[in-house]
Amino acid sequence: MGMIWALMLAAALAMGQVIRAEARAAPESFADLAEKISPSVVNITTTTTVAAPTGGGPIVPEGSPFEDFFRDFGGPNGPRGPQRSNALGSGFVISEDGYIVTNNHVIEGADEISVEFFSGKTLDAELVGTDPKTDIALLKVTSDEPLPFVNFGNSDVMRVGDWVMAMGNPLGQGFSVSAGIVSARNRELSGTYDDFIQTDAAINRGNSGGPLFNMDGEVIGVNTAILSPNGGSIGIGFSMASNVVSKVVGQLRDFGETRRGWLGVRIQDVTPDVAEAMGLAVARGALITDVPDGPAKDGGMMAGDVITSFDGVEVADTRELVRRVADAEVGKAVRVVVLREGKSQTLLITLGRREAAEGETVQTSAEPTEPVAKDVLGMTLNVLTDEQRGELGLADDASGLVITDIDQASEAFEKGLRSGDVITEAGQQKVASLSDLDARITEAKDAGRKSLLLLIRRGGDPRFVALSVE
């Protein structure tokens with residue numbers, strides 16, 4: 001019996017070693033995978049009409065040795081009309097009937113878009129729709145025969161260290177393949193909906209819009225940007241995650257435009273000091289700083305609420321909330337759980353459409369009071385006057401306490417408050433007078449809190465700041 005157990009244990013250990021070896025070993029070759037998916041990758045050439053330069057240049061006499069030079073480069077003796085400019089990029093086919101994904105910046109402003117396939121065949125493409133927020137564009141070509149295509153994979157299951165392969169048209173050199181690993185996940189660059197996979201697979205100019213594949217030949221990212229001091233690849237490339245791209249592409253294909261959900265609130269992260277000032281056990285969720293007219297206001301949401309759950313999923317921070325709201329269906333009634341004055345409440349909110357709501361401005365109102373000045377928490381405060389409302393670009397009926405001076409050694413200055421900022425709430429209650437603020441400070445101290453939560457407006461944009469009252 002002991003011999004049998006020993007053999008079983010040895011077999012199990014050997015199997016474990018094989019599994020670990022397979023998980024860690026580099027692929028013997030990427031050739032089979034490259035051969036399989038190359039026909040779905042395309043080179044994209046765009047043509048754009050560029051207006052002729054309007055500035056003057058040197059006058060070159062006919063017969064001068066520089067005449068040809070200036071003629072070639074648009075000199076005074078050369079053609080002065082509009083010029084044609086070409087640009088190169090990459091893309092990939094996602095359906096046999098000719099839908100192609102690329103980056104918006106590859107085709108932006110193009111008059112003509114030409115798609116070259118791996119076989120050498122070239123087709124003209126029409127623009128179906130674009131989404132500048134994620135830098136994604138959807139094209140369509142018409143082909144006499146079904147086109148080879150690839151499918152989107154699940155970018156959320158990709159792990160740091162997984163092998164990936166990039167394909168595209170780097171620096172206009174034609175179809176090229178590069179391989180590497182996932183270097184990092186969930187990178188942000190500058191966009192609201194950014195969810196980039198960072199990779200060390202070589203990505204250069206011209207790779208933009210090309211696919212990043214997993215080892216199953218599925219697209220898990222769209223190569224969009226590189227971080228480089230010299231314009232060349234240094235092993236820091238960024239691909240927009242497929243789980244973002246696939247949703248955008250689906251909407252562009254169905255509607256020709258994006259249709260993102262809209263909650264209608266302004267938000268900020270719950271920092272540890274803000275959590276302490278509000279009496280929260282943990283610094284999680286999204287803190288509502290303003291609720292203009294819109295779905296959230298109609299559903300009963302208020303400034304000072306902390307959103308902890310959206311449509312059945314816990315909310316860790318503002319970035320996660322923005323992504324989840326954008327992914328939700330326009331017109332859908334969702335349950336939103338908020339913390340209000342220490343108690344949890346569930347609100348039912350019917351989402352609007354973000355694209356229709358963008359650009360709207362928000363104003364607040366309260367009763368005006370007589371101006372009085374006072375030094376509080378390192379700030380010199382004055383009740384907002386009609387003259388200050390005009391200077392600060394606020395609504396005629398806006399109210400609050402304006403910071404007219406601030407001690408640069410104070411905590412308030414350290415946390416970014418400046419002269420001209422307006423305090424509209426303290427302790428999640430409106431303040432229209434200095435006595436209101438004094439009362440909120442006293443209440444915070446009596447409740448044993450170390451800090452007071454202030455709602456600050458600068459140029460109409462609100463944010464919460466917690467200041468110590470000790």
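## Thr-318 in helix H8

Let's start at Thr-318, which lies in helix H8 (residues 318-327); helices here are DSSP runs of H or I with at least four residues, strands are E runs of at least two, and both are numbered from the N terminus. Thr-318 counts as buried because its relative accessibility is 15% (buried means under 20% relative accessible area, exposed over 50%, partly exposed in between, with a 1.4 Å probe and protein chains only). Leaving aside residues up to four places away in sequence, Thr-318 touches Ile-267, Gln-268, Asp-269, Gly-285 and Ala-286 (contact means heavy atoms within 4.5 Å).

This is a predicted model, in which local features need pLDDT of at least 70 and side-chain atom pairs count only at pLDDT 80 or more, while totals for chains, interfaces and linings use all residues. Residues are numbered from 1 along each chain as its sequence is written, and side-chain values use heavy atoms, without hydrogens and water.

Strand E9 (residues 176-187) runs antiparallel to strand E8 (residues 163-168), joined by 6 bridges; two strands pair if DSSP finds at least two bridges between them. Val-164 has Gly-180 of E9 as its bridge partner. E9 is also joined to strand E10 (residues 196-199), again antiparallel, by 3 bridges, and here Val-182 stands opposite Thr-199 of E10.

## Helix H12

The buried residues of H12 are Leu-434, Leu-437, Arg-440, Ile-441 and Ala-444. They sit on the same side of H12 because they cover an arc of only 120 degrees around the axis, taken from the directions from the helix axis to the C-beta atoms. Their cover includes strands E24 (401-406) and E27 (451-458). Just after H12, Gly-448 takes a positive phi of about 80 degrees.
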